[in-house]
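Colleague: I am new to this one and would like a tour. Could you take me through it?

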Amino acid sequence: MKQTEYRNHAYEIVNKDIALGQYDGILTVSGDGLIHEAINGIMNRADKEEFLKSVGFGCIPAGTANGLHKSITAAFQEECGILTAAFMCAKGRKCQLDLTEIDMEYQQNMPNKKVYMFLCMCYAIVADSDINSEFLRFMGDIRFTLYGAYRIAKLRQYPSKFTFTGKSMDTNIKPHKLTEADMVANQQIDEGFKHLMILNTAYMGQNIHSAPLSRINDGMNDITLVRSTQARGKFLKFMLVLDGGEYWIKSKDRKLNGKLDPSLGAEYLKTTEWELKPQSKGPLPAGCNYENPEGTPTHDRHIYSIDGEKYPA
């Protein structure tokens, strides 16, 4: 058993200290942030292919959000909790899990050249609320709501360009029959966002069902977005239903079985590939010798939250 002592300690343990064949499995007792470190430690190993074949991975929820645990137990139709997680790990129940490989401009000069996302990547108001509400962590999940309300009241601009291969979902009926043939390439959004969230899983947290059309192994990212040109009133209404994923007009015979609610000003995409280019950049990490193009605006609010961990945009 290892107890982590500092940021990225789990990355170092999994990436450097564990030899191939030394263990049959890795089990974390943590929130999603430490899982992110461990998964990236595995995926940046030189022998990652052999390692993944020989080692299982499990998690016991001990964080604030615990989105991965909730998504896995929901897929198995199990209750979310510590005892359930321990039982499932002890029984060796397994499933495939999608990972999203992310190339960062500055990351090419870092030892870990790619970032791997298992849960979600947030930009704009959600990243702002997630990362900058850390000082309220003692309050639990409600910290996201309180800081989000503050950010809506003092709304910021997040100019960016977004290109994707995918399909816009104007209805939630039969979303899992999509194939590569349904994906339209090189679609663009140029006006920036009030909200952008890219998800691998249906749940971002135990009580945050932000991508109800997602499956943990469907090979696609589900994306919810609100463009910067949308009215503040529509945006506020969207944020009020974000946690429950209630984006569709409810029909009489079945909850959430209908068309996307136009009063929310939101869009829901299923994608296989995407590229996000913020027009303003966040501060680069220490030890990075990459330089942003001359004249690029820089501000500490331009950040990504990837699996709950802070990365510069």
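This is a predicted model: local features need pLDDT of at least 70, side-chain atom pairs count only at pLDDT 80 or more; totals for chains, interfaces and linings use all residues.

Colleague: How many helices and strands does the protein chain have?

Modeller: The protein chain has 8 helices and 12 strands. These are DSSP runs numbered from the N terminus: helices are H or I with at least four residues, strands are E with at least two.

Colleague: What share of the residues is buried?

Modeller: Of the 313 residues in the protein chain, 50% are buried. Buried means under 20% relative accessible area, exposed over 50%, and partly exposed in between, with a 1.4 Å probe and protein chains only.

Colleague: And what share of the contacts joins residues 24 or more positions apart?

Modeller: Among contacts with a separation of 6 or more, such pairs account for 70%. A contact means heavy atoms within 4.5 Å.

Colleague: Turning to H7, which of its residues are buried?

Modeller: Arg143, Phe144, Tyr147, Gly148, Arg151 and Ile152 are buried in H7. Seen down the helix axis, they fall within an arc of 155 degrees, so they line one face of H7. The arc is that of the directions from the helix axis to the C-beta atoms.

Colleague: New topic: which residues lie nearest the centre of the largest pocket?

Modeller: Val55, Gly56, Phe57, Gly58 and Cys95 do, out of 30 lining residues. Elements giving two or more residues to this lining include strand S1 (25-30), helix H3 (48-54), strand S2 (56-61) and helix H4 (67-75). On a 1 Å grid over the protein atoms alone, where a 1.4 Å probe fits, a pocket is an open set of points with protein on both sides within 12 Å along at least five of seven lines, and lining residues have an atom within 4 Å of a point.

Colleague: Is His69 buried or exposed?

Modeller: His69, found in helix H4, is buried, with a relative accessible area of 4%. Its contacts, not counting residues up to four places away in sequence, are Cys59, Pro61, Cys80, Gly81 and Ala85.

Colleague: And Asp24, buried or exposed?

Modeller: Asp24 is exposed, with a relative accessible area of 70%, and sits in the loop between helix H1 (9-17) and S1. It touches Ser54, Val55 and Gly56, not counting residues up to four places away in sequence.

Colleague: Last point: what is the phi of Gln77 and of Ala124?

Modeller: Gln77 has a positive phi of about 55 degrees although it is not a glycine. Ala124, also not a glycine, has a positive phi of about 70 degrees. Gln77 is exposed, with a relative accessible area of 76%, whereas Ala124 is buried, at 1%.

How values were computed:
Residues are numbered from 1 along each chain as its sequence is written. Side-chain values use heavy atoms; hydrogens and water are left out.
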